[in-house]
Amino acid sequence: MRKEAWPKCRDQAQAIVEDCVARLTGDGPLESAEAWRYSHLVGTDRAHQGIAVAESVRAVEILWNAMQPAINAAVRHEAPARRASALLLISTAFRSSAGSRLYAGAVGYGGATARSSDTLPNDDDTAAAAGVSEAAPMHAGVGVALSRREKEVLEGVAKAMTNSQIASRLGITTATVKRHLNNIYGKLGAVSRIDAVNKAFGRY
């Protein structure tokens, strides 16, 4: 990768990490038009510099590998039986953050090389490119009855969505999402988003 590309590569890496953290905590708007446009610009810039698209994928892989010591240290705070679920949730958040940015960069790259029009992807395209999969069936503990809306909120959490994204998807406010999460925590005896997912999906 050329030297002049490193500043944007560093900015993208930092943005991916920040997005990942925001997904895990449920805070902050993600996959905004501004983030998409910046990633699109990065792809266009790399096309003009003759840097292959594969270099962006390689950079994300390097970032993920570099994050492993910090991730492993954080996961050790979870109970042993919950660590696999915590790793899965972190991995999903990272793939979603990195995937949407890689997609936008690839569109920018293709637009620069083929002189195609710059169009924003719809939500379904972005989700598919980010590798966001449907959540597994939920199995709450014995005697725990989550409402339909609580299940929908928790399914969003399991997909590493933020509170804002869940609210937008369900047509409710972020305050309502937080209220549902508090109710979920109370019903499941959970202390965090990861803990709630672990318990609701029978992974503890």
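The largest nonpolar core of this predicted model has 19 residues. Leu154 and Ile184 have the most contacts inside this core. Helix 6, helix 7, helix 8 and helix 9 (193-200) each supply at least two of the core's residues. Helix 8 gives the most, with 5 residues.

**The chain as a whole**
- How many helices and strands does the chain have? The count comes to 9 helices and 0 strands.
- Read along the sequence, the pattern is α-α-α-α-α-α-α-α-α.
- The chain has 204 residues, and 43% of them count as buried.
- Take the contacts between residues at least 6 apart in sequence: 75% of these join residues at least 24 apart.

**Helix 7 against helix 8**
- Two packed helices are described by the angle between their axes and the distance between the axes.
- Helix 7 (residues 163-170) and helix 8 pack at an angle of about 105°. Their axes are 8 Å apart.
- Angles of 65 to 115 degrees count as roughly perpendicular, so helix 7 is roughly perpendicular to helix 8.
- Which residues make the contact? Helix 7 brings Asn163, Ser164, Ile166 and Ala167. Helix 8 brings Thr174, Val177, Lys178 and Leu181.
- By class, this contact of helix 7 with helix 8 has 4 nonpolar, 3 polar and 1 charged residues.

**Salt bridges**
- Side chains of opposite charge can pair when their charged atoms come close.
- A search of the whole structure finds 6 salt bridges.
- Are Asp19 and Arg101 buried or exposed? Both are buried.
- Lys187 forms a salt bridge with Glu150, and their closest N and O atoms are 2.8 Å apart. This pair also links distant parts of the chain. Lys187 lies in helix 8 (residues 174-188), while Glu150 lies in helix 6 (residues 148-158). They are 37 residues apart.
- Lys187 has a relative accessible area of 38%, so Lys187 is partly exposed. Glu150 is at 4% relative accessibility, so Glu150 counts as buried. The cut-off for buried is under 20%.
- Asp11 pairs with Arg10 in a salt bridge, with the closest N and O atoms 3.9 Å apart. A salt bridge needs these atoms within 4 Å, so the pair counts.
- Asp11 counts as partly exposed because its relative accessibility is 34%. Arg10 counts as exposed because its relative accessibility is 53%. The cut-off for exposed is over 50%.
- Arg148, Arg149 and Glu152 are linked in a network of salt bridges.

**A look at Ala13**
- Where is Ala13 found? Ala13 is in helix 1.
- Ala13 has a relative accessible area of 22%, so Ala13 is partly exposed.
- Ala13 and Trp64 are 51 residues apart along the chain. Their C-alpha atoms are separated by 9.6 Å.

Note on methods
Residues numbered from 1 in each chain as written. Predicted model: local features only at pLDDT ≥ 70, side-chain atom pairs only at ≥ 80, totals over all residues. Heavy atoms only, no water. Salt bridge = Lys/Arg side-chain N within 4 Å of Asp/Glu carboxyl O. Buried < 20%, exposed > 50% of the residue type's maximum accessible area, 1.4 Å probe, protein only. Helix = DSSP H or I, 4+ residues; strand = E, 2+ residues; numbered from the N terminus. Axes fitted to C-alpha atoms, helices over the stretch in contact; angles between N-to-C directions. Parallel < 35°, antiparallel > 145°, perpendicular 65-115°, else oblique. Contact = heavy atoms within 4.5 Å. Nonpolar A, V, L, I, M, F, W, Y, C, P; charged D, E, K, R; others polar. Core = buried A, V, L, I, M, F, W, Y, C linked by side-chain atoms within 4.5 Å.
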